[in-house]
Amino acid sequence: NFSRVTEFILLGLSDTRELQVLSFTFFFLAYAMVLLGNLLIIVTVRTDPKLSSPMYFLLCNLSFIDICCTSVTSPRMLVDLLSQRKAIAFEDCIAQLFFLHFVGASEMFLLTVMAYDRYTAICKPLHYTAIMSRQACWVLVSSCWVGGFLHSIVQTLLTIQLPFCGPNKIDNYFCDVPPVIRLACTDIYVTEWLMASNSGLISLVCFLVLVTSYTFILVTIRVRLTEGHWKALSTCASHVMVVTLFFVPCIFIYLRPFSTFPSDKHICVIYTVFSPLMNPLIYTLRNNEVKASVWKLWKRCRV
């Protein structure tokens with residue numbers, strides 16, 4: 001492209017040294033918990049034959065995506081919190097933007113697939129095994145990754161074709177589409193709406209599909225009040241918590257013109273740090289089968 005900017009300066013969450021040290025401690029512990037918690041879920045699901053249902057297969061993939069998602073932003077943020085000059089090369093910035101949208105969109109699609117899995121299990125229990133076969137699960141998960149890649153490559157191509165020749169300060173702790181394209185030395189009105197319709201509509205459509213799935217689930221459970229359905233509802237409640245943490249901030253950030261709001265970078269923390277952190281806590285503490293398998297794995301490792 002015609003860029004003359006070779007690097008960007010990330011302003012981060014705060015310019016106060018004391019807050020930066022405090023933030024480093026908090027986010028380092030959060031990142032460590034994300035890695036350990038999600039790795040624990042992956043190892044538990046992979047080693048326990050009892051956790052072989054489609055729900056746990058999808059949960060295992062969600063944990064892997066969460067590790068990827070937070071690893072795109074957290075290591076760089078931790079380094080910058082201890083650095084005086086928070087510079088990132090133009091190529092590295094574009095790469096971070098690409099991988100963030102790649103794994104982020106893949107997680108949106110996967111959460112939608114997980115909602116469909118719960119809908120099938122509760123509303124069509126007799127056909128569940130046939131619909132959510134192992135082959136079908138692999139096809140659905142692969143489709144999530146392909147969809148995430150296609151979404152991300154569109155965002156990246158729209159970004160790198162812009163000329164960057166002037167200001168290079170990004171008011172965030174990572175490179176994302178809204179703060180980056182605002183630095184372009186050209187009119188970004190058309191590009192802005194193309195990107196908003198891409199990311200924003202994906203977030204909104206996936207969220208509406210999720211809401212529709214849970215609506216059908218609630219209607220079904222109201223008619224069939226059995227112990228099995230109440231157990232499934234408990235699982236869905238955990239899923240709703242994850243969905244709310246992830247989708248609401250994404251819809252707010254991307255489904256509007258990319259104008260500057262001071263709170264944007266703090267809202268980004270919710271879906272880049274807190275959502276991956278909450279997933280292992282929600283799915284282990286609210287699921288007796290997973291808790292039993294984790295405890296069994298812990299006792300096996302101690303022997």
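**The second largest pocket**

Author: In this predicted model, the lining of the second largest pocket is made up of eight nonpolar, three polar and three charged residues. The volume of the pocket is about 210 Å³. Its lining consists of 14 residues, and those closest to the centre of the pocket are V45, R46, F57, C60 and R134. Helix 2 supplies the largest share, which is five residues.

Residues 136-154 are 100% helix and 0% strand, with 27 Å between the C-alpha atoms at the two ends. Residues 94-116 are likewise 100% helix and 0% strand, and here the end C-alpha atoms lie 33 Å apart.

The whole structure holds five cavities of 30 Å³ or more. The largest cavity has a volume of about 140 Å³. Its lining has 14 residues, and H101, G104, A105, M108 and Y254 are the ones nearest its centre. Helix 3 (90-123), helix 7 (189-223) and helix 8 (227-254) are the elements that each give two or more residues to the lining of this cavity. Helix 3 contributes the most, with five residues. Sorted by class, the lining of the largest cavity has nine nonpolar and five polar residues, and no charged ones. The lining of the second largest pocket, by contrast, includes three charged residues.

Last, the protein as a whole. The secondary structure consists of 10 helices and three strands. Read from the N terminus, the order of the elements is β-α-α-β-α-α-α-β-α-α-α-α-α. The protein has 303 residues, and 51% of them are buried. Among contacts with a separation of 6 or more, 82% are between residues 24 or more positions apart. The accessible surface is about 14600 Å², and carbon and sulfur atoms account for 70% of that surface.

Key: Residues numbered from 1 in each chain as written. Predicted model: local features only at pLDDT ≥ 70, side-chain atom pairs only at ≥ 80, totals over all residues. Heavy atoms only, no water. 1 Å grid on protein atoms, 1.4 Å probe; cavity = no way out; pocket = protein on both sides within 12 Å on 5 of 7 lines; lining within 4 Å. Points joined across faces, edges and corners; volume = space filled by probe spheres on them. Helix = DSSP H or I, 4+ residues; strand = E, 2+ residues; numbered from the N terminus. Nonpolar A, V, L, I, M, F, W, Y, C, P; charged D, E, K, R; others polar. Buried < 20%, exposed > 50% of the residue type's maximum accessible area, 1.4 Å probe, protein only. Contact = heavy atoms within 4.5 Å. Areas by Shrake-Rupley, 256 points an atom, 1.4 Å probe, with all protein chains shown as cover.
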